Every structure is written in C-alpha cells, then in structure tokens.
Amino acid sequence: MGLPQADASRRLNVSRSVVQRLWDQYECEDSVSRRHVSGRQRVTTPAEDRFLALSARRSRSTTVPQLVADHFVASGRRIPATTVERRLHNAGLYTRRPVMCVPLNGRQRRIRLCWAKEHVSWARQQWAYVLFTDECVFTLESDSGRLLIWREQRTRYHQSNTLERHSYRGGGITVWVGISLGGHTDLHAFHGGTLTGVRYRDEVLDPYVRPYAGAIGNDFILMDDNALSHRAVVVEDFLEGHSLEQMEWPAQSPDLNPIEHLWDYLGGQVAALSPSPRSLDELEQGLLRVWSSFPISVSDNLIGSMESRC
C-alpha cells in the first residue's frame, strides 16, 4: 500500500521493530513464515500417553489426580495435571456426565423395541391427543449428579459410559403434572401417605385428567407408567367407566417419557428462587409458583422429541 513503516505499525497496532523485522525477512527470503523452533521437550513419552489413555478407558470415573498418582507409582515421575488433561484430550477423551438408566432384561428390551417401532412414525397431530403424566419427588437436598467419566465424543450411550440404578432419591414432596401439545394440567402435590390406586383416582384422574380429556376430545389418550397405583383395578374401572383410553407403556422406560426432562427444568427454576426454599411448605409453594408461569414452548419442544426418542 506504500505506507511508511511507522504508519503500518500504527494501523496494525504492533511495534515498529516488528514491521521492520518482517519486511527485512521478506526482502531476504521472499517469505514471512515463522522459523521452526525446537520448543520445550515433551514431559511424557508416547508409551506414557498410551498408559494414561488406557487407564482412563479402563476406569471411566477415575479423576486426573488419580491418574497423576497412578503414573507416579508406575514411572516414579510426577507430571502436572494439566499435562494429563491434554494427553487425554489428544486421545479423544473428555469429561462428561454418564447416562443413567435402569437395568433391563431381554423381555423388557423386546417390548421397548416393539413400542418404539409402533410409534416412531406417529405424526405430530397424533401426539397432540396424548397427555403425558408422571410423578416426581422433590427434596430440599439436591442431587447434583457431579459424577463425571472419561468418554470419547459421540459415545454418550455406549454401554461402558452408562450407569445403572434402580431408583432415585426418596423423601420430600411428591407432585404430579401432565403435559400435552399446547397445554398442561395444574400441578398437584400429594400430602402424606402412600400413593394408592384410590388416591390416584380421587386426587388425579377425577379432578385433573377427566376434565382435560373432555377438552381434547374423543381421541384422548392418557400416558402414565406402570406403577402399581396406575394399574390398580379401581383405576381401570374408572377409566373404562369414563371411556378414557390408557396408552400401553413398556416397563422400565422413563427415558421414553418426555416429561422426565421437565423435572430437571422445574427443579432448576425452584433452586434459583431467592430466597431458596428452606422447608417442605416453602418448597411446595415454590413449585406451584414456578409451575404457574411454566412456558408452553418447553413442553411442546419435549413432546416434539418423541420421534427421536423412538
């Protein structure tokens, strides 16, 4: 551009000596590429890199300090934790939360697969007639799920990256809600005692589900899981007496119910309240307050994910 070196340095916001050095290099070598430098010597050898990656893959939940200690025992040399993290990243391993699932036997797997094949081609309009329902227990003590594992990208659902557990933390307040495309029910909190079939009929089906079904129409379908209270004789008699269809649901399949992710959203909103709930009564009021302003778009997006779930 014909600029003096001083003007070029001001325009590029660099020192004038930098401009002069690069110009001199260009005149001598016809290039301004960076010269090769040897750099600092690597702390670990390729064999040690393989050792770190293999240790992380064998024990997915091992931590970086544990890997540093294991390497020290094996080699007698202590390496920085940042070096261990870089070596694992170079091997394609990153810290992620593991997938939680319930143990499934062969029969349950086959039933889940048949259900998914039957519903994977359902159109959005067909899902619009379904009311997804579920109960959840909220406690004052949060379950942060801080357990992390080492895994490669796009391997979230590999068996080695999945942890099985039969149940979630109990105690606290049990609440029930239902969601459908374009709407949702009120939130109901159960006070004391076990949720039986009679309570499910009297506290949920009659005051919430039956009026909601009337608003949706004759094609209404109730989705609830296979809990004992949901499959009691009194519940079946009530649904049959009011011509309410109950969706067949595969056992041990909370991951297929889009409402499961709604609990995460609701719990996060309640945890963000200021001041945070310090008693069960305050927790219940917080849940009701958050649910009263729950955006329909969130539940619509969750129900829209049914095809990918199937």
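## Helix α11

Helix α11 has 13 residues and reaches 18 Å from its first C-alpha to its last, close to the 18 Å expected at 1.5 Å a residue. That expected span is 1.5 Å times one less than the number of residues. Helices (H or I, at least four residues) and strands (E, at least two) are DSSP runs, numbered from the N terminus. This is a predicted model: local features need pLDDT of at least 70, side-chain atom pairs count only at pLDDT 80 or more, and totals for chains, interfaces and linings use all residues. Residues are numbered from 1 along each chain as its sequence is written, and side-chain values use heavy atoms, leaving out hydrogens and water.

Which residues of α11 are buried? They are L283, E284, G286, L287, V290 and W291. Buried means under 20% relative accessible area, exposed over 50%, and partly exposed in between (1.4 Å probe, protein chains only). Seen down the axis of α11, the buried residues fall within an arc of 160 degrees, so they line one face of the helix. The arc is that of the directions from the helix axis to the C-beta atoms. The face turned away from the buried side carries the exposed residues D281 and S292. Cover for the buried residues includes β3, β6, β7 (183-184), β8 (188-190) and α10.

## I173 in strand β6

I173 lies in strand β6. I173 counts as buried because its relative accessibility is 6%. Leaving aside neighbours within four places in sequence, I173 is in contact (heavy atoms within 4.5 Å) with C136, V137, F138, A189, L280, L283 and E284. Take L280: I173 and L280 are 107 residues apart along the chain, yet their C-alpha atoms are separated by 7.0 Å.

## Helix α6

Helix α6 covers residues 106-119. It has 14 residues and reaches 20 Å from first C-alpha to last, close to the 20 Å expected. N105 caps its N-terminal end. A side-chain oxygen of N105 lies 3.2 Å from the backbone nitrogen of R107.

The buried residues of α6 are Q108, R112, W115, A116 and H119. Seen down the helix axis, they fall within an arc of 100 degrees, so they line one face. An α-helix has 3.6 residues a turn, so residues three or four places apart point the same way. On the face of α6 turned away from the buried side sit the exposed residues R107, R110, C114, K117 and E118. The cover over the buried residues includes α7 (124-127) and α13 (306-309).

## The nonpolar cores

A nonpolar core is a set of buried Ala, Val, Leu, Ile, Met, Phe, Trp, Tyr and Cys residues joined through side-chain atoms within 4.5 Å. The largest one has 34 residues. Its members W127, M247, L262 and W263 touch the most other members. At least two residues each come from β3 (130-138), β6 (173-180), β9 (221-223), α10 (259-271), α11 (280-292) and α12 (296-303). Helix α10 gives the most, with five residues.

W127 touches W115, H119, W122, F132, L181, M247, I303 and M306, not counting residues up to four places away in sequence. A second, separate core of 17 residues includes W176, F190, Y208 and V235.

## The whole chain

The chain has 13 helices and 10 strands. Its radius of gyration is 29 Å, well over the 19 Å that the globule rule gives for 310 residues, so the chain is more spread out than a compact globule. The radius is taken over C-alpha atoms; the rule is 2.2 Å times the number of residues to the power 0.38. Along its principal axes, the C-alpha trace spans about 95 × 55 × 45 Å.

Buried residues make up 36% of the 310 residues. Among contacts with a separation of 6 or more, 72% are between residues 24 or more positions apart.

Terms used:
A polar contact is a pair of N or O atoms within 3.5 Å; within protein, one must be able to donate a hydrogen and the other to accept it, and residues adjacent in sequence count only if both atoms are side-chain atoms.
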